[in-house]
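Dear colleague,

Please find below the structure that I am handing over to you. My findings follow after it, arranged by topic.

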Amino acid sequence: MDIETLKAKLEEEKYVCDDQLVTTLLVALKLGRPLLIEGAAGVGKTEVAKVMAAALDRDLVRLQCYEGLDESKALYEWNYQKQLLSIQVQMNRRDPDELTKSLFSDEYLLERPLLQSIRSEKPVVLLIDEIDKADEEFEAFLLELLSEMQVTIPEVGVVKAASIPFVVLTSNRTRPLSEALRRRCAYLYIQYPDLNKEVAIIRAKVPNVNEHLAVQVAQAIHALRDSEAILKKPSIAETLDWVAALEALGVSDLTPEAARQTMGFVLKSSDDLDAAAPLLTGQGNGCGCGCGHDHGGEGCGHHHHHGQ
Amino acid sequence: MSETVYIEKMAEFSQRLRQEGLAVGLQETADVCRLLSDLELTDRVYVRAALSALFAKSREEQAVFDRVFEGFFVSRERREALRRQQEAEAQEIARKRAEAERELQFEGQPIELREDLKDVYVTMEDDKKEYLRQLLEKTKVNAQRSPKLYGSFIKSVFMRFLLEQQMVMEDAAVGAEEADPDLALLYRDISRFRDADIPRAAALISAIARQLDAELSRQRQGRGHSGQLDFRRTIRKGLETGGSFYRLAYRRKRRRRKKLVLLCDVSGSMLQFSEFALRFIKSMSEVSESSAAFLFSEELRRVDPFALQNMDAFRDYVRSSGLYGRGTDLGTALEALCAWKPAALGPGTTLLILSDTKTVDLPRAARQLLEAKRQAGKVLWLNPIPAGKWPYVRSIQTMSMLCQMVPCSTLDELARTCRKLLSN
């Protein structure tokens, strides 16, 4: 596969990407290296794994990390209840040594996402989401899997990967990840998209969207992200939700009133909503359309139809 | 380009990255070589993205990578142009240095200055140089009467002025601003934050405090149990597995929150730093409710916890308390703190002093610091003056001999200090 092919496949999945992103994905894919993606919340890190699964025609296996996640939830667990039942049922029927041995076989093994991804005959995309939320011990445990593509189960031995999964790790940078983990991965930092890219994403994800509205929403979202008063910056998913909500309401022009009514799709805290109010009403530097840009008192002209 | 040249170039590039502090291993270099030939990447954008993915493993490292890449992979014409530009610049600097050597003279003798300060003089703006020239001119008559006395005076004035200029230049040279404003804010001198930076800095502080909290909570979890079996929880857990004690539960160690006493200088230039430092420390959940904060300039006030809820409330509080805009008397403040009823300091407390050490009556302040040290379990001084300037400030030299002092001129240093303080 080359860059152009991968790019075309991603575009087929309606994923708008730049050259850097495609190159990094291809590098990770070619070298069989895990890909660590960092960036602010809502820039589309998780989406990369989903789209890669669709583009490569692979299953997506997802492991959502959280504080306290351990091997039993991530790798495997013995089906204890089934083992107890087996012991009780077969206690007098079988040779005890054979019974003990049979208790640690595939029949009693509950595969969790990590084991599932490496035992799969067909290669999968493994998404280890929000690794920064997991404990450092778990991060250390991942090292064997990521570098050797194998895991050790004490009762069974070393389980080597039947196929090499494409591993995507995402992090919101709530804590620094270890150097050892970083060294084993290819790295990508995703920023919020620029205006053109945001418009392209809206076009790709919301079919038949009003062109004029898409531009207005993208501009307004950028103004909100640029505003220092807004603490939780709107994500791409929120942009799409907003467009969908406006379309559902039959809005074709983003007036201050329409923006105010639907702002709850974009900003999710009362502080941010209060801070956005002056931008919507045209106080400060805003033009009154929600885009917040300073147009030097001449209006923005090219994309608004105030009063119409 | 032949394969050998590829490998040599990449090895050289890896070496440059290592010199800049990036942990680039042989594996990465080998992977890059393999990749470039396999994919036949020739477009600069693609090559850059591929190299960046493998060599730079964080946002910070990407900034370093970009700089090294720009300097390393240049076209022949561009390299030639750069060489000519560098030569011209080197000649210009040599000319200015010679000029500076002529100007930095007092009574026909060169003023003894460090080489780096002479470089500061060379790159300084003309109006600043003019100020120093006029100073020499004004003192000329007196200097002829008493050359020795005025010689050391001129030297100290020049040194202080050039040090200040050096600090300004270093702040202006924080290069990450365009790439990542948050990153730049993290490493910028707190006292030089602009009004527009304050909301961003406040959000950054909250983010770092959350990050530190999460880190510390994980460290605590890793510390394990106290060694005592918790019978009740073990039996309860055993019920889930048919009465067999499959997993044993242990008692956890009781965690004591740190009790901090914060003593903050809010006189004039220290206000901004104290504001940020207080906000930072108080936003950490590790800091217990029983911790206390005191503000001082010429006198001491215990701060109302409500005043620490946000920046505006804090500023209003400081201004209405009458502490703002007055001088600094650390001796009086420490004396009042030691005599505070009920006692603020005790063997289990850590006294954190946020001050630049500039105070009236330094000997008395030093005596009172020793008394505070005797009363408190531990004293730690957070100093907003960068460590590089400490050798030139007498009060810092005195105070740093009496207690542990750490430089905290940036949010990054502040975060590192808090991490160290609370994880011990």
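Please note that the model is a predicted one.

The sheet of chain B

The two strands concerned, strand 8 (residues 349–354) and strand 9 (residues 378–383) of chain B, pair in the parallel sense over 5 bridges. They belong to an open sheet of 6 strands in chain B, whose order is 7-6-5-8-9-10 and whose pairing is mixed. Strand 7 (300–302) and strand 10 (404–407) of chain B stand at the edges with a single partner strand each, so one side of each is left without a neighbour in the sheet. From one strand to the next, the twist averages 20 degrees. Helix 15 (residues 330–338) of chain B packs on this sheet and touches strand 5 (259–265), strand 6 (292–296) and strand 7 of chain B. The direction of helix 15 makes about 45 degrees with that of strand 7 of chain B.

Helices 15 and 16 of chain B

Helix 15 of chain B also meets helix 16 (residues 362–375) of chain B; their axes come within 8 Å and cross at roughly 25 degrees. These two helices of chain B are therefore roughly parallel to each other. The crossing of helix 15 past helix 16 of chain B is left-handed. Among the residues that meet are B:Leu330, B:Leu334 and B:Leu337 from helix 15 of chain B, and B:Ala365, B:Leu369 and B:Ala372 from helix 16 of chain B. By class, the residues of this contact between helix 15 and helix 16 of chain B divide into 7 nonpolar, 3 polar and 3 charged.

The sheet and helices of chain A

Chain A has an open sheet of 5 strands in the order 2-5-8-1-9, with parallel pairing. Its edge strands are strand 2 (60–64) and strand 9 of chain A, each of which pairs on one side only. Within the sheet, strand 5 (residues 125–129) and strand 8 (residues 166–171) of chain A pair in the parallel sense over 4 bridges, and A:Leu127 stands opposite A:Val168 in strand 8 of chain A.

The axes of helix 1 (residues 3–12) and helix 2 of chain A come within 10 Å and cross at roughly 110 degrees, which makes helix 1 of chain A roughly perpendicular to helix 2 of chain A. Helix 1 passes helix 2 of chain A in a right-handed crossing. A:Ile3, A:Leu6, A:Lys7 and A:Leu10 in helix 1 of chain A meet A:Val22, A:Thr23, A:Leu25 and A:Leu26 in helix 2 of chain A. This contact of helix 1 with helix 2 of chain A has 6 nonpolar, 1 polar and 1 charged residues.

The contact between the chains

Chain A contributes 28 residues to the contact and chain B contributes 30 residues. On the side of chain A that touches chain B, the elements giving two or more residues include helix 2 (19–31), helix 5 (80–90) and strand 9 (186–190) of chain A. Helix 2 of chain A gives the most to that side, with 8 residues. The residues of the side of chain A that touches chain B divide into 12 nonpolar, 4 polar and 12 charged.

Confidence

The model scores ipTM 0.78 and pTM 0.62. For chain B, the mean pLDDT is 78, and 84% of its residues reach 70 or more. Over residues 173–179 of chain B, pLDDT stays under 50. Where pLDDT is low, the predicted coordinates should not be read in detail.

With kind regards

Technical notes. Residues are numbered from 1 along each chain as its sequence is written. Chains are lettered from A and ligands numbered from 1 in the order in which they are written. This is a predicted model: local features need pLDDT of at least 70, side-chain atom pairs count only at pLDDT 80 or more; totals for chains, interfaces and linings use all residues. Two strands pair if DSSP finds at least two bridges between them. Axes are lines fitted to C-alpha atoms, for helices over the stretch in contact, and angles run from 0 to 180 degrees between N-to-C directions. Two residues are in contact if their C-beta atoms, placed from the backbone, lie within 7 Å. Ala, Val, Leu, Ile, Met, Phe, Trp, Tyr, Cys and Pro count as nonpolar, Asp, Glu, Lys and Arg as charged, and the others, Gly among them, as polar. Angles under 35 degrees count as roughly parallel, over 145 as roughly antiparallel, 65 to 115 as roughly perpendicular and the rest as oblique. A crossing is left-handed if the near helix is turned anticlockwise from the far one by less than a right angle, and right-handed if clockwise. pLDDT is the predictor's confidence in each residue, from 0 to 100.
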